[in-house]
Amino acid sequence: MKTYSSFKNVNPHLRTNFGFFTSAIIASVLLLTIFERLGVNAIWLAHLVISVPVLGYLAIGIVSRSVLLDEFYISGRRVPAFFNGLALATNALGGVGLIAITGALFIIGFDAMAMVIGMAGGIFIMAVLFAPYLRKFGAYTLPGYFQERYDSSLLRLVALLCLIPPAMLLLSAEFRIGAGVLFWFSEISYPVIVIGMACVVALSTLPGGMRGLTWTQSAQGIVIFLGLMTPLFIMALQYTGLPLPQLTYGTLLRPLAEMESLQGITAIRPFTLEEGLPIYDMGYITKPFLQAFGAFGWFEFMLLMAVFVMGFASLPSLLIRSNVTSGVSEMRRSMGWALLVLVVLLLSLPAFAVFTKFLVLKFIVGQPISHLPEWFQHLNVAELVTMTDRNGDGIVGAQDLKVARNGILFILPEISEYPFVIVGMLAAAGISASLAAAGGQALVIANSVSSDFFHGLLFRHASNTKRLLVSRLTLIAVLVISVTFTLTQETDVLKMLVWSLNLSGSVFFPALLLSIWWKRSTGFGIMAGMVSGFAISSFMILGSIFIGFDGFLNFSAMTSAALAVPVNFLVAITLSLAGSPSKEVAMKCDEMRVAGGETLFDKAQRIEARRNRV
């Protein structure tokens, strides 16, 4: 049963247009590969592979321009299920997920699966417990949902203030990792690259808001898929005989374990999460891939996985996509597509890590230094690998080799001596993932400030034109602040991702669960829970930065949500039981769980407009 919608139908040529885009990318790659074989400079060809999709994103953003409020905030509620699912999966993975988590899998092996499982689990929880009901409610933003759900402007303000820090952390992390990738492939200075990425995000989101972001993220998802799968398919065909890397890389695990044993890579004792998680640029190959709980213990593994589940399930930049489809049933299908696309991408990450580690141990470790091939020098010059002969035996040992965590994607095609265009495709995939996630974080802040602060709290009768202007100006301000932070602060991107998920999960996971599934909850209880969760998580994170706070019991800054979320639940439930919601507030909980009919937000808007006319 479809939720009532007054918006026009989707463009009937949408699939055809994206088919042309995909064909153009494939044709460009094939053509540039031919040029590389003919002797054209490989670096310039790689630059073209990166530049062509970016120009496509800019064109999509510009032609998606809109002056309609509903188009800018919710893409007209007419995005097909597949494209919204593709955009959501692309936003969820991001550059940090694609690049840094792949590197973590290479360095610490099985233990990094906590992040992979947690990300998939979080999107599954969102699909089952949150997204369809937020779609039925129909609010433009997450703070706006809490305001309409509990009739509390103060709760709206608190939710807005708690939304900004995690989104800013993720925005800076995406800029940092995307700029780092492009910096490896160009002679452009790092600050110029960061500013350039911010300009691309601005030009692809300022004209059309959510409408432009949706279509650019869909295009970026296509580029990510092509860039990541091409070398994986070739590699799987070479070493397993089947072009299904997600299912066949397991055949290399036994030979990989034997090679690790021969090179002296044996089981290690677990560290703390902060010591075991590879939150650094370069790492040694010291842990067997299949050893479970070697980098950190089983308890820290479970805590980290729980942080990712709760963080991704309640990430505002993903939740705002729940309102862009035509109805609840379409939203459920959309989440199904999102899970399918994301799981395929996530299963590709350990495959990439295993293939790369297999090649490194086969062609680098154990080889005489004097016989290392030319491609090793390319990797060394690019600082993707560094080697120091510690014992002076002239042989590359596992303890002699340091590998760049964020460079694992680009090591595989170099060792395999694939055309350099494929390296460019992987770079384009990494940059596209960073731009997609950065756009999502920037827009969720901008739209929330415009809708929830400017219009919701300051100027209730502001025109749509002014609201859009404030949203665009806020977007520019957010990008400027993020660029400044990125260029002045040195913080590891993986650590920033974990911090952001801790903050998001600590605040919004209990609030969403209680507001949707417990009609007895009150606005004051939810608000107090939010404040307590945010206070605990932010104190532990800031304490670890400024005063060296090591944590409480077995909880640290990297797993603060595991402590903050139960406290949030306890405070929210206790204070809700101490009071009682009004009949109208309690009824909203029942109404939003009925799939069909008019959205609660539209109903409230219609009633308010009728009152104003009277």
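The model is predicted: local features need pLDDT of at least 70 and side-chain atom pairs pLDDT 80 or more, while totals for chains, interfaces and linings use all residues. Residues are numbered from 1 along each chain as its sequence is written, and side-chain values use heavy atoms, with hydrogens and water left out.

**Aromatic contacts**

- There are 23 aromatic pairs in the structure (rings of Phe, Tyr and Trp, the last by its six-membered ring, with centres within 6.5 Å; stacked if the planes are under 30 degrees apart, edge-to-face if over 60, tilted otherwise).
- Tyr140 and Phe601 make a tilted pair, with 5.0 Å between centres and 50 degrees between planes.
- Tyr140 sits in the loop between helix H5 (113-137) and helix H6 (142-150), and Phe601 in helix H24 (residues 600-613), so this pair ties together parts 461 residues apart in sequence. Helices are DSSP runs of H or I with at least four residues, numbered from the N terminus.
- Tyr140 is buried at 13% relative accessible area, and Phe601 is buried at 9% (buried is under 20%, exposed over 50%, partly exposed in between, with a 1.4 Å probe and protein chains only).
- Trp298 and Phe299 pair edge-to-face, at 5.8 Å centre to centre and 80 degrees between the planes. Trp298 is exposed at 55%, whereas Phe299 is partly exposed at 28%.
- One aromatic cluster consists of Phe18, Phe82, Phe83, Trp215 and Trp337.

**Largest pocket**

- The volume of the largest pocket is about 1300 Å³. A pocket is an open set of points on a 1 Å grid over the protein atoms alone, where a 1.4 Å probe fits, with protein on both sides within 12 Å along at least five of seven lines; lining residues have an atom within 4 Å of a point. Volume is the space filled by probe spheres set on the points, which are joined across faces, edges and corners.
- Its lining has 44 residues, with Trp184, Phe185, Ala382, Glu383 and Leu384 nearest the centre.
- Helix H7 contributes the most to this lining, with six residues.
- The lining comprises 24 nonpolar, eight polar and twelve charged residues (Ala, Val, Leu, Ile, Met, Phe, Trp, Tyr, Cys and Pro are nonpolar; Asp, Glu, Lys and Arg charged; the others, Gly among them, polar).

**Second largest pocket**

- The second largest pocket holds about 570 Å³ of space.
- Of its 20 lining residues, Glu148, Asp151, Lys588, Ala604 and Ile607 lie nearest the centre.
- H24 supplies the largest share of this lining, eight residues.
- Six nonpolar, four polar and ten charged residues make up the lining.

Methods: Helices (H or I, at least four residues) and strands (E, at least two) are DSSP runs, numbered from the N terminus.
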